[in-house]
Amino acid sequence: MRPATATAAAVTTLLGVGAAAIAAGRYASDVALRAPSGRPLPGDPRLTVHATGPDRITLTRSLASLRPGTYGIEGHGLHAVVGPALDRVPHTADTVVRRLERVELGVLGPGARVRFTPALHIGTPISALGLAHEDVEIPGELGPLPAWLVAAPRTTWVIALHGLGTTREHPLNVVPFFNRRKMPVLIPAYRGDEGAPASPDGLTHLGDSEWRDVDAAIRYAVRRGAAKVVLHGWGTGASMALRAAAESGVRDRISGLVLDSPVLDWEATLRNLAAARHVPGPLLPLAVRAAQGRIGAHGGDLLRDSSEPGALRVPVLLLHGPDDSVSPWEQSVELAARRPDLVTLQTVRQAPHAAMWNADPVRYEEALRRFLTPLL
């Protein structure tokens with residue numbers, strides 16, 4: 001083969017390999033970034049219902065079904081709530097019996113395939129909790145954002161921000177707590193959620209652009225009479241809250257942040273999501289690079305930005321644990337160590353991503369009570 005021909009062949013081969021790598025990276029990043037609102041996060045197995053009774057349910061034995069606390073379980077056309085495991089109830093070695101709190105949707109019977117979820121409720125504040133609410137629209141950057149407003153007398157409002165894998169129904173877990181303390185709660189949808197405008201590129205940005213919808217929610221709350229707001233976010237919702245506290249034009253109205261399982265290491269979370277959805281290991285670096293090229297790399301700096309002097313100006317309650325397989329707990333430990341003047345870390349064990357309340361509701365709400373008291 002002539003030298004020129006050999007060179008051309010080598011270049012063509014390299015270009016082909018490069019194009020294949022780009023295509024593979026784009027595919028791998030799609031797996032993580034095109035997750036629709038409410039799609040369950042990967043990691044938890046589907047479990048089989050073996051038996052049910054008036055107040056108990058028997059499930060396949062696994063790390064998920066053995067977790068302490070209170071969880072929703074969901075499957076095709078059904079939703080129920082289960083409490084702690086009942087160790088003294090007879091069962092086979094491959095099953096676990098938990099307390100069955102209630103069935104909210106469908107018929108829960110033997111053979112049903114279910115998955116644990118941190119969201120206990122389905123519906124709206126009035127249908128799920130019996131709490132009157134107002135359906136409102138927040139003027140957002142991309143268009144109107146639907147939201148629920150549960151009114152109360154205080155002028156310090158809570159804006160509750162769900163994360164990946166859940167919807168506005170997830171924050172309903174803690175709405176009764178805030179309502180008992182007479183704090184108004186605003187629960188907005190944001191870009192990509194059902195009923196809200198789509199992201200222009202159809203991708204989730206892990207909070208890196210969605211935070212601007214939080215800014216819109218703060219402005220709406222202020223127009224409706226909020227003197228101060230507390231942002232309470234889960235997962236990417238917590239990341240959105242952090243970025244709003246640093247960059248919002250109305251950040252002076254933010255008096256505190258409650259961060260449950262925050263996504264502080266953008267690249268690690270992207271890798272974890274892609275890996276849990278069975279993207280082959282060799283493609284994971286390509287997925288990260290492709291995602292950075294498509295939506296930017298700003299999210300990777302959130303831990304550094306938040307821990308710099310002057311970046312955080314308000315108290316932070318950080319609730320996270322080492323069993324989170326989506327967002328690394330170590331980043332939360334590091335943030336608390338860098339900013340001990342403002343950040344209080346509540347470690348929660350045996351809880352998956354964004355389920356710190358589920359693992360121990362009493363302890364979670366007591367931490368909330370202590371944190372909020374000086375802010376009211």
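Predicted model: local features only at pLDDT ≥ 70, side-chain atom pairs only at ≥ 80, totals over all residues.
Aromatic rings come first. The structure holds two aromatic pairs. In one of them, tyrosine 71 and phenylalanine 116 have ring centres 5.5 Å apart, and because their planes meet at 50°, the pair counts as tilted. Tyrosine 71 belongs to strand β3 (residues 71-75) and phenylalanine 116 to strand β6 (residues 113-117), so this pair ties together parts that are 45 residues apart in sequence. Both partners are tucked away from the surface: tyrosine 71 is buried, with a relative accessible area of 1%, and phenylalanine 116 is buried too, at 6%.

The other pair is made by phenylalanine 177 and phenylalanine 178, with ring centres 5.3 Å apart. Their planes stand at 75°, which is over the 60 degrees that edge-to-face calls for, so this pair is edge-to-face. Phenylalanine 177 and phenylalanine 178 are both buried as well.

A ring also turns up in a contact with a charge. Here the charged end of arginine 168 sits over the ring of tryptophan 148, 4.2 Å from the ring's centre.

Then there is helix α9, which spans residues 329-338. Its buried residues are Trp329, Gln331, Ser332, Leu335 and Ala336. Why do they end up on the same side of α9? They cover an arc of only 160° around the axis, and that puts them on one side together. On the face of α9 turned away from the buried side, the exposed residues are Glu330 and Ala337.

Technical notes. Residues numbered from 1 in each chain as written. Heavy atoms only, no water. Buried < 20%, exposed > 50% of the residue type's maximum accessible area, 1.4 Å probe, protein only. Helix = DSSP H or I, 4+ residues; strand = E, 2+ residues; numbered from the N terminus. Arc of directions from axis to C-beta. Phe/Tyr/Trp six-rings, centres within 6.5 Å; stacked < 30°, edge-to-face > 60°. Lys NZ or Arg CZ within 6 Å of the ring centre and 35° of its normal.
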